[in-house]
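Please read each point alongside the coordinates.

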Amino acid sequence: MRRFFSFFRLFLAILLLGIGLSACGFQPLYAIKNKTPEHLAAVNIQRIVNEDGQKLHLLLEDRFYSLHPAIHPALWDMSVELHTTTQQLGLTENDNATRIRMIIKATINLKKTGDSKATFTTTERSVASYNVLADQYATYAAEQDATDRNLHQLAELIENRVALYLTNQNNRTQPSMSSQP
């Protein structure tokens with residue numbers, strides 16, 4: 001019987017905590033997958049140079065415009081600049097690499113359409129590693145897989161960062177509930 005009451009108290013505490021959080025307007029950022037905010041559709045994603053940039057551009061378009069079509073003319077312009085670096089991790093006796101770490105850093109600039117100065121600038125980075133094998137094709141395939149993993153992670157990070165910024169901007173421009181009659 002005692003165990004039942006302690007379980008009941010725990011259940012009641014969790015229930016009250018959940019009700020309290022929802023009453024204060026708490027909205028978890030990662031709660032609903034594939035639920036992109038509508039204001040991401042108002043972002044024009046500018047071209048990103050090189051092949052990896054084009055892949056990232058397509059991934060961002062899939063994420064930004066998946067549920068809501070792009071708004072024309074866009075309210076925001078976003079430019080992304082990629083920098084890729086590699087580090088040799090495992091070395092053999094004759095200084096040949098056996099494992100490589102690939103780091104892709106993205107610099108994101110978000111500005112209102114028509115403005116010359118960016119209103120939001122941030123950087124995101126993604127790290128993936130791959131093995132260097134005796135077969136050149138296997139090494140090439142592993143390198144491409146690491147690049148794709150990095151780009152998918154960057155697209156998710158950029159989407160979350162821009163969505164959070166635009167949500168905060170959107171909340172600042174809306175009038176508060178208390179000021180309405």
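1. The side chains of Thr 122 and Arg 161 are joined by a polar contact of 2.7 Å; a polar contact is a pair of N or O atoms within 3.5 Å, where within protein one must be able to donate a hydrogen and the other to accept it, and residues adjacent in sequence count only if both atoms are side-chain atoms. Thr 122 belongs to strand 4 and is buried, with a relative accessible area of 9%. The burial classes are buried under 20% relative accessible area, exposed over 50% and partly exposed in between (1.4 Å probe, protein chains only). Leaving aside neighbours within four places in sequence, Thr 122 is in contact with Ala 106, Thr 107, Ile 108 and Arg 161, contact meaning heavy atoms within 4.5 Å.

2. On the basis of these values: this is a predicted model, in which local features need pLDDT of at least 70 and side-chain atom pairs count only at pLDDT 80 or more, while totals for chains, interfaces and linings use all residues. Residues are numbered from 1 along each chain as its sequence is written, and side-chain values use heavy atoms, with hydrogens and water left out.

3. The sheet is open and is formed by 4 strands in the order 1-2-3-4, with mixed pairing. Strand 1 (43–45) and strand 4 (120–131) are the edge strands, each with a single partner strand, so one side of each has no neighbour in the sheet. From one strand to the next the twist averages 25°. Helices (H or I, at least four residues) and strands (E, at least two) are DSSP runs, numbered from the N terminus, and two strands pair if DSSP finds at least two bridges between them.

4. Helix 2 (residues 50–64) packs on this sheet, where it touches strand 1 and strand 2 (76–91). The direction of helix 2 makes about 125° with that of strand 2; axes are lines fitted to C-alpha atoms, for helices over the stretch in contact, and angles run from 0 to 180 degrees between N-to-C directions.

5. Strand 3 (residues 97–112) and strand 4 run antiparallel and are joined by 12 bridges. Within this pairing, Ile 108 has Thr 122 as its bridge partner, and Asn 109 stands opposite Thr 121. Strand 2 and strand 3 also pair in the antiparallel sense, over 15 bridges, with Thr 86 partnered by Met 102. The hairpin of strand 2 and strand 3 has 5 residues between the strands, and Asp 95 there takes a positive phi near 60°.

6. How many aromatic pairs does a search of the whole structure find? The search finds 3, where rings of Phe, Tyr and Trp (its six-membered ring) pair if their centres lie within 6.5 Å, with planes under 30 degrees apart counted as stacked, over 60 as edge-to-face and the rest as tilted. Phe 64 and Tyr 65 form an edge-to-face pair, 6.5 Å centre to centre with 85° between the planes. Phe 64 is buried at 0% relative accessibility. The ring centres of Phe 120 and Tyr 165 are 4.3 Å apart and their planes are at 15°, so this pair is stacked. Because Phe 120 lies in strand 4 and Tyr 165 in helix 3 (residues 136–173), the pair ties together parts 45 residues apart in sequence. Both partners are buried, Phe 120 with a relative accessible area of 15% and Tyr 165 at 13% relative accessibility. Trp 76, Phe 120 and Tyr 165 form one aromatic cluster.

7. The largest nonpolar core has 31 residues, of which Leu 56, Leu 60, Met 78 and Val 80 touch the most other members. A nonpolar core is a set of buried Ala, Val, Leu, Ile, Met, Phe, Trp, Tyr and Cys residues joined through side-chain atoms within 4.5 Å. At least two residues of this core come from each of strand 1, helix 2, strand 2, strand 3, strand 4 and helix 3, and helix 3 gives the most, with 9 residues. Beyond four places in sequence, Val 80 is in contact with residues including Ile 48, Leu 56, Leu 60 and Ile 158.

8. His 57, in helix 2, is buried with a relative accessible area of 11%. The side chain of His 57 reaches the backbone oxygen of Ile 45 at 3.0 Å.
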